[in-house]
Amino acid sequence: MSASTVVPEKDELLYTPDVANRMAPVFDRVSSAISEVEWPEFAPYVDRIMQLKQERNAVILAHNYQTRDIYHCVSDIVGDSLALAQKAMEVDADVIVMAGVHFMAETTKLLNPSKTVLIPDLRAGCSLAESITGADVRQLRKTYPGVPIVTYVNTSVEVKAESDICCTSANATRIVESLGADKVLLIPDQYLAKNVAAETDVEILTWAGACEVHERFTASQIIQLRKAHPDVTVLAHPECPPEVVEQSDFSGSTAALINYVSDRKPEEVALITECSMGENIASHNPETKFIRSCSLCPHMQRINLMNICQSLEGMTHEVTIDPALADRARLAVQRMLDAS
Ligand code: 13P
Ligand code: SF4
């Protein structure tokens with residue numbers, strides 16, 4: 001029988017002694033979050049991505065739901081949707097890679113029209129963004145004349161262009177109340193809308209969209225969790241159904257949940273949200289025990305070190321915005337930033 005040689009796949013980078021040496025200081029920095037066993041797999045990509053970032057004058061924005069390797073090893077800015085939108089405007093770079101989902105890359109492009117914005121996998125979508133079209137919003141305007149339309153940023157540019165103002169989970173109630181209206185359409189997340197309605201006197205009308213990750217959590221899961229862990233602090237994202245939020249100790253955007261843990265240092269915490277986030281922040285909060293749940297966002301998970309590397313190598317996939325929509329959509333996002 002003849003001997004066979006293992007040939008690396010075309011795009012596979014290897015953990016050579018050179019890579020190990022160059023990346024040793026990076027490993028020192030991230031070793032509380034990344035294990036020695038994982039490092040040889042990540043290091044060659046981290047190394048290449050760091051070189052490419054320099055060559056391209058690029059930065060990587062990573063949403064809080066990205067995996068630990070991206071979040072800790074290659075990102076320049078991490079945050080929730082609001083922070084990423086705000087900080088994207090402050091970066092001094094020619095190229096921005098969005099390690100997140102497509103609507104986040106579109107929002108970044110809207111706010112940075114002169115920069116090249118890349119998304120490593122065009123399939124990184126969002127069930128909320130898929131739930132509504134521009135034509136749906138035009139129809140809502142006809143059905144509810146005079147009612148202001150607040151659109152969650154988890155939507156397409158076309159939908160934003162038909163809206164009066166955007167919001168994120170970090171500022172939804174504030175944005176709704178800033179309009180001074182008795183009645184507001186808050187679309188397309190029915191659960192975010194119901195959770196906001198519980199916090200305000202403004203009448204909220206909504207749409208039947210939902211986040212496919214958060215809609216799966218149930219109140220009975222939280223009740224069971226509390227039985228098993230009587231001291232647990234339960235933090236829920238407002239995309240969860242209202243009965244889940246009611247069973248929780250606190251609800252807020254991904255950044256607000258992270259801040260709650262780092263500021264209040266609960267002994268035991270359950271994050272009722274996408275589970276990569278707990279993994280990302282566990283190493284920064286060693287005094288807190290994280291009760292793990294598992295609900296991954298399949299769209300966020302499409303982004304990985306290999307496709308970030310390919311994205312910077314080939315300058316793919318460039319996000320472009322229909323010029324006929326850009327100004328109106330930007331206005332809706334800018335109004336939100338001004339009101340935040
Ligand atoms: P945040 O704005 O809270 O980060 O949420 C974005 C998101 O997609 C949550 O599912
Ligand atoms: Fe969209 Fe939900 Fe994924 Fe966030 S977690 S990107 S809302 S599908």
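This report walks through the two ligands in the structure above and the residues around them.

The model is predicted, so to speak of local features takes a pLDDT of at least 70, while side-chain atom pairs count only at pLDDT 80 or more, and totals for chains, interfaces and linings use all residues. Residues are numbered from 1 along each chain as written, chains are lettered from A and ligands numbered from 1 in written order, and side-chain values use heavy atoms, leaving out hydrogens and water.

Let's start with ligand 1. Its neighbours (a heavy atom within 4 Å) are His63, Tyr65, Asp80, Ser81, Asn154, Ser169, His214, His237, Glu239, Ser253 and Thr254. By class, that shell has one nonpolar, eight polar and two charged residues; here Ala, Val, Leu, Ile, Met, Phe, Trp, Tyr, Cys and Pro count as nonpolar, Asp, Glu, Lys and Arg as charged, and the others, Gly among them, as polar. Domain 1 (10–124 + 300–314) and domain 3 (214–291) each supply at least three residues of the shell, with bounds from an automatic or database assignment.

| Residue | Distance to a ligand 1 oxygen |
|---|---|
| Ser81 | 2.8 Å |
| Asn154 | 3.3 Å |
| Ser169 | 2.7 Å |

On its own, ligand 1 exposes 300 Å², and the protein buries 96% of that (Shrake-Rupley, 1.4 Å probe).

Now for ligand 2. Around it sit Tyr65, Val101, Cys126, Ser127, Leu128, Asn154, Cys211, Val213, Glu239, Cys297, His299 and Met300. This shell splits into eight nonpolar, three polar and one charged.

What does UniProt say? The unreviewed entry's "binding site" annotation covers Cys126, Cys211 and Cys297, though such annotations may be inferred rather than shown by experiment.

Definitions and conventions
A polar contact is a pair of N or O atoms within 3.5 Å; within protein, one must be able to donate a hydrogen and the other to accept it, and residues adjacent in sequence count only if both atoms are side-chain atoms.
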